[in-house]
Amino acid sequence: MLVIVALALSAAVCFAEPPASGDLLAHNVYFSLKDNSEPAQAKLVAACERYLKGHEGEVFFVAGTRSAASNRDVNDRDFDVSLHIFFKTRGDHDRYQDHPRHKQFIKENQANWAKVRVFDSEVK
């Protein structure tokens, strides 16, 4: 059982070829959960992988839980699960936002969200 939980809590990573221009849109989302038990966190990570991984224009995808060992004064600990997706273009990101799988992810999981913070950045 412990192995299953550990696997469920580990991050899932997917790399693709970056665009030639080097311009990417980094979409970072931090979820604070009402029920932040390990099973609830694992459920959200699995939902991220199921619904949010593999969209058109994704260059990088990872979802995982907050590092318990990262507890310095500068560490923001006001989240339970994080999602990080890099897109080739803002258009790819915008299509992802409107995609039925993204909308289904929200519908199935938002009831357990206490707070969601989204940080989008243009990166090279």
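Predicted model: local features only at pLDDT ≥ 70, side-chain atom pairs only at ≥ 80, totals over all residues.

Biologist: Thanks! How many helices and strands are there in the chain?

Modeller: The chain has 4 helices and 5 strands, taken as DSSP runs numbered from the N terminus (helices are H or I, at least four residues; strands are E, at least two). Along the sequence the pattern reads α-β-β-α-β-β-α-α-β.

Biologist: And what percentage of the residues count as buried?

Modeller: Of the 124 residues, 36% do. Buried means under 20% relative accessible area, exposed over 50%, and partly exposed in between, with a 1.4 Å probe and protein chains only.

Biologist: Which residues have the most contacts inside the largest nonpolar core?

Modeller: Those are F31, L52, L83 and F105, in a core of 18 residues. Such a core is a set of buried Ala, Val, Leu, Ile, Met, Phe, Trp, Tyr and Cys residues joined through side-chain atoms within 4.5 Å. Two or more residues each come from strand 2 (24–33), helix 2 (38–52), strand 3 (58–65) and strand 4 (81–87). Helix 2 gives the largest share, 6 residues.

Biologist: Nice. What does F105 touch?

Modeller: Leaving out residues up to four places away in sequence, F105 touches F31, L44, A47, C48, Y51, L52 and W113. Contact here means heavy atoms within 4.5 Å.

Biologist: Back to helix 2: which residues there are buried?

Modeller: A40, Q41, A42, L44, V45, A47, C48, Y51 and L52 are. After helix 2 comes G54, with a positive phi near 90°.

Biologist: What span should helix 2 have?

Modeller: Its 15 residues should span 21 Å at 1.5 Å a residue, and the end C-alpha atoms are 20 Å apart, which agrees. The expected span is 1.5 Å times one less than the number of residues.

Biologist: Changing topic, where does S121 lie?

Modeller: S121 is in strand 5 (residues 113–123). It touches L24, L25 and A26, not counting residues up to four places away in sequence. S121 and L24 are 97 residues apart in sequence but 8.2 Å apart in space, C-alpha to C-alpha.

Biologist: Why does S121 count as partly exposed?

Modeller: Because its relative accessibility is 31%.

Key
Residues numbered from 1 in each chain as written. Heavy atoms only, no water.
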